[in-house]
Amino acid sequence: MKYLVVGLGNIGAEYELTRHNIGFLTLDRLADQKGVTFETDRLAYHAECKHKGRTIHLIKPTTYMNLSGKAMKYWMQELKIPKENVLVIVDDLALPFGKLRMRAKGSSAGHNGLKNIEDLTGGQNYPRLKFGIGDDFGKGQQVDYVLSKFTQQEFDELPFAMDKAIEMIYGFCTIGITRTMNEHND
């Protein structure tokens with residue numbers, strides 16, 4: 001069985017440790033734990049690892065957040081992986097910091113990366129793992145907030161939330177989305 005896990009984020013040092021890059025950061029941690037490295041490939045950084053007999057392809061799109069669907073669509077076709085075996089890791093303003101929620105489908109909720117995925121892969125029917133980044137910003141400050149770096153307290157708590165996200169990724173690939181949601185969604 002093959003799976004594709006797409007971590008959303010933006011390339012470039014200025015975005016590296018920002019809230020919007022939680023998908024990239026989570027996949028970096030997973031790759032470190034598995035001892036694999038990302039290689040620059042078509043439209044994405046790509047790594048491959050094994051877990052309990054499953055092959056998991058990890059991609060971090062190099063298209064910037066707003067064109068994430070382009071990379072996801074290419075890699076789904078290239079690897080011949082059906083949409084139900086694709087998991088998108090995405091930041092979510094509606095969830096408190098560190099809260100994780102897996103969904104089998106859903107709206108983009110105004111997230112430009114998810115909107116592009118919907119446009120290019122045919123709708124909202126794809127699994128996603130939403131990683132809460134909180135909503136501690138004033139009116140009109142949403143863009144600045146998602147592109148800002150984590151506070152020191154958040155940064156200290158991040159490894160625990162990322163490790164839970166990694167557990168959920170492995171669950172998605174082994175026991176399936178329904179059981180993973182039942183065991184891990186709050």
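In the predicted model described here, helix H1 (residues 22–34) lies across S1, strand S3 (44–51), strand S4 (54–61), S5 and strand S7 (128–132), and runs at about 140° to S4. Helices (H or I, at least four residues) and strands (E, at least two) are DSSP runs numbered from the N terminus, and axes are lines fitted to C-alpha atoms, for helices over the stretch in contact, with angles from 0 to 180 degrees between N-to-C directions. Helix H5 (residues 152–174) also packs on the sheet, where it touches S1, S3, S4, S5, S6 and S7, and its direction makes about 170° with that of S7; contact here means heavy atoms within 4.5 Å. Because the model is predicted, local features need pLDDT of at least 70 and side-chain atom pairs count only at pLDDT 80 or more, whereas totals for chains, interfaces and linings use all residues. Residues are numbered from 1 along each chain as its sequence is written, and side-chain values use heavy atoms, with hydrogens and water left out.

The sheet itself is open and has seven strands in the order S2-S3-S4-S1-S5-S7-S6, with mixed pairing; two strands are taken to pair if DSSP finds at least two bridges between them. Its edges are formed by strand S2 (39–41) and strand S6 (100–103), each of which pairs on one side only, and the twist from one strand to the next averages 25°. Strand S1 (residues 2–7) runs parallel to strand S5 (residues 86–92), to which four bridges join it, and S1 is likewise parallel to S4, with five bridges between them. Leu4 has bridge partners in both of these strands, namely Val86 in S5 and His57 in S4. Strands S3 and S4, by contrast, run antiparallel and are joined by eight bridges, among them a pairing of His46 with Ile59 in S4. These two strands form a hairpin with two residues between them, and Lys52 in the turn has a positive phi of about 50°. Further along the sheet, S5 and S7 run parallel and are connected by five bridges, with Val88 standing opposite Arg128 in S7.

In S4, seven of the eight residues are buried, and in S5 seven of seven are. Both faces of S5 are covered, since Val86, Val88, Val90 and Asp92 are buried on one side and Leu87, Ile89 and Asp91 on the other.

Helix H1 comprises 13 residues and reaches 18 Å from its first C-alpha to its last, close to the 18 Å expected at 1.5 Å a residue, where the expected span is 1.5 Å times one less than the number of residues. Its buried residues are Ile22, Gly23, Phe24, Leu25, Thr26, Leu27, Leu30 and Ala31, and what covers them includes S1, S3, S4, S5, S7 and H5. Within H1, Ile22 is buried, with a relative accessible area of 0%. Leaving aside neighbours within four places in sequence, Ile22 is in contact with Leu8, Val90, Asp91, Phe131, Phe150, Leu158 and Met162; the C-alpha atoms of Ile22 and Phe131, which are 109 residues apart along the chain, are separated by 7.3 Å. Just after H1, Gly35 takes a positive phi of about 70°.

Phe155, in helix H5, is partly exposed, with a relative accessible area of 37%, and, apart from neighbours within four places in sequence, is in contact with Leu17 and Phe150. Phe155 and Thr121 are 34 residues apart in sequence and 33 Å apart in space, C-alpha to C-alpha. Ser108, in the loop between S6 and H3, counts as buried at 10% relative accessibility; with neighbours within four places in sequence again left aside, Ser108 is in contact with Leu114, Lys115 and Glu118.

The largest pocket holds about 490 Å³ of space and is lined by 26 residues, of which His20, Gly110, His111, Asn112 and Gln142 lie nearest its centre. The elements that give two or more residues to this lining are S5, helix H3 (112–121), S7 and helix H4 (142–146).  On a 1 Å grid over the protein atoms alone, a pocket is an open set of points where a 1.4 Å probe fits, with protein on both sides within 12 Å along at least five of seven lines, and lining residues have an atom within 4 Å of a point. Grid points are joined across faces, edges and corners, and a volume is the space filled by probe spheres set on the points.

Technical notes: Buried means under 20% relative accessible area, exposed over 50%, partly exposed in between (1.4 Å probe, protein chains only).
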